[in-house]
Amino acid sequence: MSKNLVIVESPAKAETISKYLGKDFDVMASYGHVRDLVPKKGAVDPEQGFAMTYQVVERNEKHVRTIIRALKKAEALYLATDPDREGEAISWHLVELLKERKALTDKAVHRVIFHEITRNAVREAIEDPRGISSEMVSAQQARRALDHLVGFNLSPLLWKKVQPGLSAGRVQSPALRMIAERELEIEAFNPREYWSIEADVSKNEQPFASRLVRYKGDKVEQFSFENEDAAREVEKTILDAAGGKLTTVSIDKKQRRRNPAAPFTTSTLQQESARKLGFNTQWTMRVAQQLYQGIELPGEGNVGLITYMRTDSVTLAEVALSEIRDTIKDRYGAENVPDEPRVFKTKAKNAQEAHEAVRPTSVARTPESLKGKLEEEQLKLYTLIWRRTMASQMVPAVFDTVAMEFSPGDTAVEAADDQHRFRANGSVLVEPGFMAVYHEGKDDSIEDDSDRLLPEVAEGDVISLDELRPEQHFTEPPPRFTEASLVKTLEEYGIGRPSTYASIIATLKNREYVEMDGKRFIPTDIGRIVNGFLTEHFTQYVDYDFTARLEDDLDEISLGKQDLVPLLEDFWKPFHDLVDDKE
């Protein structure tokens, strides 16, 4: 009896999907791309309307032959590759290859899309197929052609002008520029001295800290006191005025709410995974891929645990929202469920590819229930995703904040004579809300004194000035990029897309253009030389805005708003002329 043949990228995904579709379907893996550009100059021919010459990916030839054999007995072909441009292109290439080999005669071809590997999602996709999106395929081909044209024209120039074996990439080069320019900023940085005046104070032997914020009627700025002499003069003036006491002159109490962060996109998942788990971007994506494709769970077989991990969307499906809200109510109480589901706005310009945020396929499958069933890294990443998803739909955290101001001496002075002021800030977490589940990490964050606990103090209360501490500081250079902060900056500039952040970083490391000092990037000598050459001679092509605009143009192609050939023509002529000029 003939069956339907379903093609996915990986054997793990095939195994999970096969279980959901039953005996009428054979599910096989293409093992990624089946065709790619011939790896030599001329594979993209500008003289022939940018015609592209492809060849079978050698390692996957045997898989193609296996697919062709299975197809002979099948009624229809279902292409269930990933729901993004690369997935669309894999499906298109496979169909083109099967046509070439005359293996598609009288076979119906369907493209099916799902963003999570669950029984319902897979079956619904099979029941509602579509055709291959020529626009998404064109966008992927344009990206591939641009990368090929840049690589095969710039790299030989680097061999000639710098040293053999070097290479340049369309998106990696601006990323390298970021790292190299940051290093130059650090080297050029001159530390500047400044002093702060801290006061250790207490009420009823309860100590807390405050800081001088006004001196001789003027607001204290970062560089108000630039050396020790100035700081010592302030110290003497304050001590003489205070006589060991400060008087409370104002108390400002407010309630502050903090809302949860949106559920994960690819970028924010990579950033938080780096901060909280110490995973690099490639490792994060590898583990996320395992969770997406399916993990063998006792008694359940292969189960897809998270939605598709390449996304710049922060939206959640209605069915997911309902389950999340029910789970919050059961675990954390009805008071932690907002009246309405939270709606987050997607920053992505390309709505066609912006599907769902990264979330568990079912939040009812708690991290505790998966202990001992997942590998350590898998459980850590799943727990991070589960907590972030749950927190995103919870009520705000509520703080009582207080700002107290004191003047030197044991009596309140008239406003006109109120020359010096100290301030203490503090806050108390009153209702944890979402923070009971998840607290977002920060890069290179400065310690925040607003979360200190303060004793009960009333206006007019006299408190003890226990010690005055002039403290020396020096300004610091901007920090080197971590993987998290580099991904964040690339995203802010619009350079790269969810599927490319990890490969951009991997390429820079593999080419030895950067090395790691702990978790921070340093450009190598050769990385600096390559960046210097490209920045001087190919300024436009390592320009952040230019690279981001090109990404937007690719998005426009995938939406059918722009065509592939005009985009490549606009890019190619000035680029080619510049390469000729530099040779």
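This is a predicted model: local features need pLDDT of at least 70, side-chain atom pairs count only at pLDDT 80 or more; totals for chains, interfaces and linings use all residues.
Residues are numbered from 1 along each chain as its sequence is written, and side-chain values use heavy atoms, with hydrogens and water left out.

**Nonpolar cores**

I looked up the nonpolar cores, each a set of buried Ala, Val, Leu, Ile, Met, Phe, Trp, Tyr and Cys residues joined through side-chain atoms within 4.5 Å. The largest has 59 residues, and those with the most contacts inside it are Phe114, Leu305, Ile306, Leu374 and Leu381. Helix α11 (residues 376-392) gives the most to this core, with eight residues; helices here are DSSP runs of H or I with at least four residues, strands are runs of E with at least two, and both are numbered from the N terminus. Apart from this core lies another, of 54 residues, with Val171, Ile179, Ile504 and Phe538 among them.

For contacts I used heavy atoms within 4.5 Å. Not counting residues up to four places away in sequence, Leu374 touches Leu291, Ile295, Leu297, Leu305, Leu379 and Tyr382. I then turned to Glu377, which is found in helix α11 and is partly exposed, with a relative accessible area of 29%. Leaving aside neighbours within four places in sequence, Glu377 is in contact with Phe279, Trp283 and Val287. The C-alpha atoms of Glu377 and Leu291 are separated by 10 Å, although the two residues are 86 residues apart along the chain.

**Aromatic rings**

I paired rings of Phe, Tyr and Trp (its six-membered ring) if their centres lie within 6.5 Å, calling planes under 30 degrees apart stacked, over 60 edge-to-face and the rest tilted. By this rule the count comes to 16 aromatic pairs. Tyr493 and Tyr544 form a tilted pair, 4.8 Å centre to centre with 50° between the planes, and this pair links helix α12 (residues 483-493) with helix α15 (residues 544-558), the two tyrosines being 51 residues apart. Tyr544 counts as buried at 9% relative accessibility, whereas Tyr493 is partly exposed at 38%.

Tyr541 and Phe575 form an edge-to-face pair, 5.0 Å centre to centre with 75° between the planes. Tyr541 lies in the loop between α14 (525-537) and α15 and Phe575 in helix α16 (residues 564-582), so the pair ties together parts that are 34 residues apart in sequence. Both residues are buried, and both belong to one aromatic cluster that also includes Phe533, Phe538, Phe546, Phe571 and Trp572.

I also checked for charges over rings, meaning NZ of Lys or CZ of Arg within 6 Å of the ring centre and within 35 degrees of the ring normal. The charged end of Arg177 sits over the ring of Tyr544, 4.3 Å from its centre, and Arg182 lies over the face of Phe481, at 4.3 Å from the ring centre.

**Cavity**

The structure holds one cavity of 30 Å³ or more, a cavity being a set of points on a 1 Å grid over the protein atoms alone where a 1.4 Å probe fits but cannot get out. About 80 Å³ of space lies in the largest cavity, the volume being the space filled by probe spheres set on the points. Its lining, counted as residues with an atom within 4 Å of a point, has 13 residues, of which the closest to the centre are Val150, Gly169, Arg170, Tyr541 and Val542. The largest share of this lining, three residues, comes from α15.

How values were computed
Buried means under 20% relative accessible area, exposed over 50%, partly exposed in between (1.4 Å probe, protein chains only). On a 1 Å grid over the protein atoms alone, a cavity is a set of points where a 1.4 Å probe fits but cannot get out, and a pocket is an open set with protein on both sides within 12 Å along at least five of seven lines; lining residues have an atom within 4 Å of a point.
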